[in-house]
Structure formats: C-alpha cells, structure tokens
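This report is for a reader who is meeting the structure for the first time. Please look over the sequence and the model shown here before reading on.

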Amino acid sequence: MTLDNAEATEPRRDDSLYLSRDGSLYLSGNYAPVLEEVTAYDLSVDGKIPAELSGRLIRVGPNPIAPVDDPVNHNWLTGAGMLHGVRLRDGKAEWYRNRFVRGTDVQMALGEPAPPGPTRGYDAANNTHVLKIGKGTYALTEAGCLPMLLSYDLMTEARSDFGGTMGDAFTAHPRVDPLTGETHAITYTPSQEKVQYQVVTTEGRVRRIVDVPLPGHVMVHDMCLTQKYAVILDMPVTFSQLAAMSGDPLPLRWTPDHGCRVGLLPREGTAEDVVWCELPGTPFVFHTGNAYDAADGTVVMDVVRYESMYYTNSLSAFEDEARLYRWTADPATGKVTEQLLDDHAQEFPRYDDRVTGQDYRYSYTVTSDDVPKGFTGLLKYDVKRGTSERVDYGHGMLTMETVFVPSAGSSAEDDGWLMAYVHDATTERCDVVIRHAQDLANPVATIHLPTRVPFGFHGSWIAD
Ligand SMILES: [Fe+2]
C-alpha cells in the first residue's frame with residue numbers, strides 16, 4: 001500500500017531563503033544552533049508581568065551540539081534538543097536558562113556521565129516538546145526516543161520509560177484529559193506497521209496499551225482526544241526503506257497512495273473497535289487543535305492542514321502553507337468531511353488546555369504572509385463566530401508557538417495570558433511577549449532575554 005518515492009530528487013523550495021554562504025540548510029540565520037549554555041538573572045522587562053504568573057515558560061528545539069557531517073542535507077527535525085526557560089514569580093522574570101537535553105550525543109560531547117535510567121530506545125533527539133506528565137516534566141520526541149525527565153533548572157535528571165511501563169515508544173504530542181488528569185498518547189516506531197495507544201496515570205505510569213495495526217510505516221506526529229475517543233491520524237507520510245538504505249537520516253516521504261484516514265479508538269476499546277473514517281483526497285496534518293464529540297455522534301477535529309508534505313525529501317517540514325480546517329468524522333458512514341475555517345497561513349495550534357476533548361471556542365496559532373521566512377504574528381480564531389483576530393509582533397520580529405495560560409481564579413475560556421518567544425532579527429536576541437488573550441493589541445509585558453533563541457518546536461507553561 002505504501003508507495004516509495006525516495007528517488008524523487010528535485011526540491012520545490014526556494015533554497016535562497018534558507019541557504020547560508022556555505023550552503024547549509026537550517027543551520028543559518030535563527031535556525032543556527034547556539035553553543036553556550038547561559039544562565040541570566042533578573043531579566044529586563046518592558047511593561048508589567050502579571051504577578052499571578054508563577055512558574056516557567058519552557059520550550060525546546062533542535063540544536064546540534066557538534067558540526068553536522070552533511071550541512072547541505074541537514075534536517076531541521078534532527079539534532080540534540082535545547083531547552084529554553086524563563087522563570088516568573090511575583091511580577092519578575094527571575095531567570096532565563098538554556099540547557100542541552102543530555103542525550104547520548106550531548107553527554108559524550110560534554111564529557112559528562114550518562115543520565116540514569118533505561119537504555120532501550122534512543123535518546124539523541126529530545127527536541128520536540130516539553131510537557132508535564134503525571135508529576136514530572138519531560139522533554140519529548142516521537143518514534144522511539146525516550147522521554148527525558150527534567151529538573152526545575154532544566155537539567156536532565158534521567159531517561160524515563162515511566163518506571164518500565166511504557167510501550168514501544170512515546171510521542172511529543174500526547175493529550176492530557178483535564179477531567180481525569182490522565183495523559184493519552186498515540187505512539188509509533190518507524191520499524192513497525194502499527195501504533196500504540198497508551199494511557200498514563202496521574203502517577204506517571206502507563207496503565208493501558210492497545211496495539212493498532214497500520215498498513216505501512218506511518219509517521220504519526222499528533223493525535224486528537226475527545227471524551228469518547230483517542231483519534232489516530234493515518235496520513236500519507238511514511239518511512240521509506242529505500243531512502244533509509246541510501247543513508248537519509250530521516251527517510252520520510254510523501255506517499256499519497258497510502259490514503260488518508262482517521263481512526264476512532266474508543267478510549268477503553270480494543271483495536272477491533274476502531275472505526276476508520278476516510279478523508280476525501282490526501283491532505284496532511286502535523287498538528288491538531290482541539291476536538292470533541294458532537295451530539296449527533298460525529299467527532300469534530302480542528303486541524304492545521306497541508307495539501308502535501310515532504311513531496312520530494314524530508315529536509316523541510318514547513319515549506320508549504322497550512323490552513324485551519326474542521327474535520328468532522330462520522331462513524332456511521334466511515335467518512336470525514338472537511339471545512340475550511342480560516343484562510344490565514346498558520347501553524348502550531350494551541351488552545352485553552354482546560355477544554356481538551358470538549359466543545360470549545362478559541363484557537364491560537366502563529367501566522368505569516370510569507371511562511372518560509374518565519375511566523376510574524378499571532379492569530380486567534382473564534383470557532384463559534386468564524387472570526388479571527390491577528391496581531392503582528394513588528395518589524396524583524398519572528399514568533400514561535402504561542403502558549404495559553406489561564407488567569408488565576410478564572411475558569412472562563414480565553415480569560416488568560418498568551419505567551420511566546422519572539423526572535424528579534426535586528427538585535428539577534430529574543431523576547432518573551434505576554435498579552436491578555438482578550439486584548440491582543442496591547443502586550444502587557446516584554447521580557448528581554450540576553451541571548452538568541454533558535455526557532456524550535458513546542459513548549460509549555462509549567463506552573464509552580
Ligand atoms: Fe509538533
């Protein structure tokens with residue numbers, strides 16, 4: 001079923017946007033790694049940090065620790081993870097820290113002892129997300145990379161397989177059900193034609209593993225969670241054996257013959273209970289927003305949708321523009337209908353995590369008029385009214401994913417703070433910008449970091 005198009009060679013992208021003078025992709029500009037680990041205290045702030053914010057805003061991205069062997073073909077998705085964290089308390093930005101995640105390559109490069117913990121899986125690329133699972137904070141990546149348990153100061157305390165309970169792998173995009181506190185994950189390894197559904201308890205132990213066969217070696221980056229279902233994304237990006245044999249370190253390929261469907265796995269069901277619902281055509285989704293069960297039995301999923309992905313090779317993930325769509329999966333018909341919600345180019349969807357799996361109203365993404373050059377603005381979309389609000393960060397400013405943090409004492413959706421790391425291309429420094437979600441035009445605080453923060457992937461507010 002899987003079509004292998006590893007031999008396609010002509011990239012569609014305009015490489016001039018990315019190439020540095022030595023021709024290295026994704027190693028120049030603000031993709032370039034930073035090599036120093038920095039600790040800075042009492043950061044300078046314009047405006048006023050809300051005094052109620054007590055915790056850390058942590059994000060992670062790829063940051064190769066050593067010169068890469070083949071800069072021209074370097075893949076942004078690979079490389080050691082570097083964490084960046086800002087700690088807020090009593091209206092002050094107490095510190096900024098950046099720290100490599102101590103995977104094997106970092107530990108060897110730094111001459112440090114290996115962190116304790118299991119040795120199964122691999123640990124060299126924990127660069128995708130930072131999440132609290134159970135009582136621990138972890139750096140996470142998919143495809144067999146072991147979760148790395150982090151200290152408050154962003155040091156790597158241990159490799160983790162959740163006390164020996166983890167299945168074959170974990171993922172960077174599990175979902176926490178706010179009603180139970182349990183973490184739900186759809187996981188995979190490239191060598192297996194299946195995913196696993198894993199449920200992690202509030203004590204950080206996997207209590208349930210369900211194997212679900214797939215017709216191919218599928219890359220499954222994200223998932224959806226509703227009150228009834230864990231939703232499996234079976235999309236047309238697969239691992240190419242041919243490309244792997246030719247030495248491609250990340251042999252992902254666009255395989256439209258694979259088809260595109262979502263699997264509705266009842267949360268306490270088995271693989272036999274999965275209801276597969278086919279998409280019209282073969283779109284691709286890296287990232288889902290929220291999802292919920294509609295009263296008519298359908299499952300509503302808001303997703304950031306691409307027309308294709310990795311058409312010729314896996315060097316660039318975000319070369320094409322994606323848009324916010326609503327997918328409605330009907331288990332009665334086995335079909336998914338698609339509806340364009342918002343026409344802005346956008347990525348990295350977030351929402352108020354307190355409404356995960358429930359009917360909701362607001363989505364927060366990042367947007368740009370020229371995606372390959374970076375994301376310039378924040379986009380808030382009202383799924384009930386079908387309206388959007390956009391605010392740009394200003395000349396030379398490029399934002400990363402926006403994180404929503406609820407206001408203290410309020411349970412109302414959208415009553416909270418939007419926080420993002422924003423790269424200043426003029427000064428080659430980074431700011432953390434805080435706005436109230438209901439007043440996008442007026443940032444309440446801009447925290448100035450002493451260093452550059454390279455473009456990366458995801459992160460979280462970890463409240464104290
Ligand atoms: Fe992601």
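## A buried serine in a loop

Ser407 has a relative accessible area of 10%, which is under the 20% limit, so the residue counts as buried. The model is a predicted one. Ser407 sits in the loop that runs between strand E28 (397-406) and strand E29 (416-424). Apart from neighbours within four places in sequence, Ser407 is in contact with Glu52, Asp415, Gly416, Trp417 and His436.

The loop between E28 and E29 also holds Asp414. Asp414 is a residue other than glycine, yet its phi is positive, near 80°. With a relative accessibility of 2%, Asp414 counts as buried.

Ala143 can be described in like terms. Its phi is positive, about 70°, although Ala143 is not a glycine. Ala143 is found in the loop between strand E7 (136-140) and strand E8 (148-150), and its relative accessible area of 11% makes it buried.

## The iron site

Which residues coordinate the iron ion? The iron ion is coordinated by the NE2 atoms of His173, His221, His287 and His458, at 2.1 Å. In sequence, the spacing of these donor residues is H-x47-H-x65-H-x170-H. The pair of His173 and His287 links distant parts of the chain, the two residues being 114 residues apart. His173 lies in the loop between strand E9 (156-159) and strand E10 (175-176), while His287 belongs to strand E20 (residues 284-293). Both His173 and His287 are buried.

The angles among the four donor atoms run from 90 to 168°, and the site of the iron ion is irregular.

## Cysteines

How many disulfides are counted in the model? The count comes to zero disulfides. Cys224 is in no disulfide, and the nearest cysteine sulfur, that of Cys260, is 12 Å away. A disulfide needs two cysteine sulfur atoms within 2.5 Å, so the distance of 12 Å from Cys224 to Cys260 rules this pair out. Cys224 is buried, with a relative accessible area of 1%. Cys277 is likewise in no disulfide; its nearest cysteine sulfur is that of Cys260, 12 Å away. Cys277 has a relative accessibility of 0% and counts as buried.

## The sheet of E6 to E9

Strands E6, E7, E8 and E9 make up an open sheet of four strands, in the order E6-E7-E8-E9, with antiparallel pairing. Strand E6 (129-133) and E9 are the edge strands, each of which pairs on one side only. On average, with direction ignored, neighbouring strands of this sheet are turned by 35° against each other.

| Strand pair | Bridges | A bridge pair |
|---|---|---|
| E6 and E7 | five bridges | Ile133 and Gly136 |
| E7 and E8 | three bridges | Tyr138 and Leu149 |
| E8 and E9 | three bridges | Met148 and Arg159 |

E6 and E7 form a hairpin with two residues between the strands, and in this hairpin Gly134 takes a positive phi near 60°.

Is E7 enclosed by the rest of the structure or open? Five of the five residues of E7 are buried, so E7 is largely enclosed by the rest of the structure. The burial holds for both faces of E7. Gly136, Tyr138 and Leu140 are buried on one side, and Thr137 and Ala139 are buried on the other.

## The sheet of E10 to E13

A further open sheet has four strands in the order E10-E11-E12-E13, and its pairing is antiparallel. Its edge strands are E10 and strand E13 (206-213), each pairing on one side only. E10 and strand E11 (residues 183-187) run antiparallel and are joined by two bridges. Opposite Val176 stands Thr183 in E11.

Definitions and conventions:
Residues are numbered from 1 along each chain as its sequence is written. This is a predicted model: local features need pLDDT of at least 70, side-chain atom pairs count only at pLDDT 80 or more; totals for chains, interfaces and linings use all residues. Side-chain values use heavy atoms; hydrogens and water are left out. Donors are N, O and S atoms within 2.8 Å of the metal (3.2 Å for Na, K and Ca); water is not among the atoms, so sites may look incomplete. Four donors count as tetrahedral if all angles lie between 85 and 135 degrees; four count as square planar and six as octahedral if opposite donors are over 155 degrees apart and all others between 65 and 115; anything else is irregular. Buried means under 20% relative accessible area, exposed over 50%, partly exposed in between (1.4 Å probe, protein chains only). Contact means heavy atoms within 4.5 Å. Two strands pair if DSSP finds at least two bridges between them. Axes are lines fitted to C-alpha atoms, for helices over the stretch in contact, and angles run from 0 to 180 degrees between N-to-C directions.
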